[in-house]
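Please consider how charged side chains pair in the structure shown below, and then turn to its pocket and its surface.

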Amino acid sequence: MRLREIAEKLGLEFLVATDPEAEVRGGYVSDLLSDVLAHAQAGDLWITHQRHLNVVAVGKLRAVSGVVFARGLRPGPETLRRAEEEGVNLLVSPSDAFETAGRLHRLLFP
Amino acid sequence: MRWFRADLHIHSTLSPCGSLAMSPRRIVEEARKAGLSLIAICDHNAGENGVYARRLARGSPTVLMGMEIQTAEEVEVLALFPEEEPCLSLQDELYSLLPPIPNDPELFGDQVVVDEREEIVRTVEKLLLSPVPLSLAEVVARVEGRGGLVIPAHVDRVPGGLLGVLGIFPPGEWPAVEISPWAELSALWERWPELRGRVIFRSSDAHYPEEIGRAWTELYLREPSFSELLWALEGKDGRRVRPGPPMKEGK
């Protein structure tokens with residue numbers, strides 16, 4: 001399913017939309033970037049509370065379809081700028097990580 | 001110049017997770033027994049017990065002021081200072097920013113400042129085991145702005161280690177990093193090739209008296225002091241840093 005469609009259905013707001021047509025193949029939830037580096041799969045929509053700049057580099061390395069900050073958390077301007085440069089979609093969810101992941105799972109694997 | 005042993009990461013009674021036996025006096029005694037020439041007491045977001053350890057040690061060993069600061073990303077860094085004032089002023093600043101969660105000694109342990117006569121000076125109310133609401137970059141700026149040195153603590157560890165939490169080195173200069181007491185350096189190099197060529201410290205991260213001396217760093221210096229330590233990071237005139245061996249199982 002396309003990221004744009006998922007964002008509409010889950011009420012996610014795009015903070016950086018470099019490729020809203022990216023194909024979302026699955027999801028991953030983690031705040032530990034070493035864990036994401038080791039286990040996230042290409043195409044995953046990554047849900048996190050971690051707002052450090054390195055989120056962009058790790059998201060790009062793992063080729064995730066996007067990064068969703070849970071519970072309305074917003075990263076700083078440096079992270080947004082880097083995501084634009086590196087071409088990583090960033091979104092924010094008004095819901096917490098459990099709710100966001102649960103609804104994403106239902107959408108992707110009904 | 002000669003080799004000196006250093007342990008720049010020792011917890012005390014001021015850390016809830018630190019043993020109540022870890023008074024400044026006991027730490028200085030154990031450090032002497034372990035042949036350490038340079039130490040730092042780095043409690044979670046606090047550095048006050050260093051004041052009393054310095055009075056007791058009188059330069060044997062040299063005691064640097066220090067703290068283990070937990071950033072908003074939940075990365076832990078050692079902040080080291082040659083003097084008391086910059087460390088204590090930063091401690092107070094961090095304390096005012098900590099969330100208003102009271103420490104429950106039954107759950108987490110006591111947080112007490114203990115003086116050179118082994119008497120309790122005061123009990124710290126807020127839980128020190130919380131991250132401060134400052135980014136890693138902001139913490140580095142506040143430490144370096146006061147003339148201090150930042151060394152990311154046990155970078156390989158989850159939770160709390162810079163590489164464990166952030167996966168790769170963030171932008172910025174990292175003049176030195178600390179690895180876990182038990183980590184095999186060759187295994188770390190394989191997992192994080194960007195660790196190669198960096199100045200690496202190993203520390204005990206002791207929370208109990210018997211853990212002092214289980215891991216250390218060797219420094220080739222003229223004398224064990226903060227300024228010599230900074231020169232060793234640059235390799236000035238042959239000064240250098242080498243981590244001691246990984247801690248043996250069960251020690």
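Over all chains, this predicted model holds 25 salt bridges. Side chains of opposite charge can pair when their charged atoms come close. In chain A, Glu85(A) and Arg81(A) meet in such a bridge, at 2.5 Å from N to O. The two residues are four apart in helix H4 of chain A, so about one helical turn separates them. Glu85(A) is partly exposed at 49% relative accessibility, and Arg81(A) is likewise partly exposed at 41%. Both belong to a network of salt bridges that also links Glu78(A) and Arg82(A).

In chain B, Glu93(B) forms a salt bridge with Arg142(B), with the closest N and O atoms 2.7 Å apart. Because Glu93(B) lies in helix H3 and Arg142(B) in helix H5 of chain B, this pair ties together parts that are 49 residues apart in sequence. A further bridge joins Glu211(B) to Arg214(B), at 3.6 Å between the closest N and O atoms. Glu211(B) is buried, with a relative accessible area of 17%, and Arg214(B) is buried at 11%.

The largest pocket has a volume of about 800 Å³. Its lining comprises 33 residues, and those nearest the centre are Gln50(A), Arg51(A), His52(A), Ala72(B) and Glu73(B). Helix H5 of chain B gives the largest share of this lining, four residues. By class, the lining has 14 nonpolar, nine polar and ten charged residues.

On the surface, Leu107(B), Phe108(B) and Leu129(B) form a nonpolar patch with about 280 Å² of accessible area together. Phe108(B) is found in helix H4 of chain B and is partly exposed, with a relative accessible area of 36%.

Note on methods:
Residues numbered from 1 in each chain as written. Chains lettered and ligands numbered in written order. Predicted model: local features only at pLDDT ≥ 70, side-chain atom pairs only at ≥ 80, totals over all residues. Heavy atoms only, no water. Patch = residues over 30% accessible without salt bridge, like charges linked within 9 Å, V, L, I, M, F, W, Y side chains within 5 Å. Areas by Shrake-Rupley, 256 points an atom, 1.4 Å probe, with all protein chains shown as cover. Salt bridge = Lys/Arg side-chain N within 4 Å of Asp/Glu carboxyl O. Buried < 20%, exposed > 50% of the residue type's maximum accessible area, 1.4 Å probe, protein only. 1 Å grid on protein atoms, 1.4 Å probe; cavity = no way out; pocket = protein on both sides within 12 Å on 5 of 7 lines; lining within 4 Å. Points joined across faces, edges and corners; volume = space filled by probe spheres on them. Nonpolar A, V, L, I, M, F, W, Y, C, P; charged D, E, K, R; others polar.
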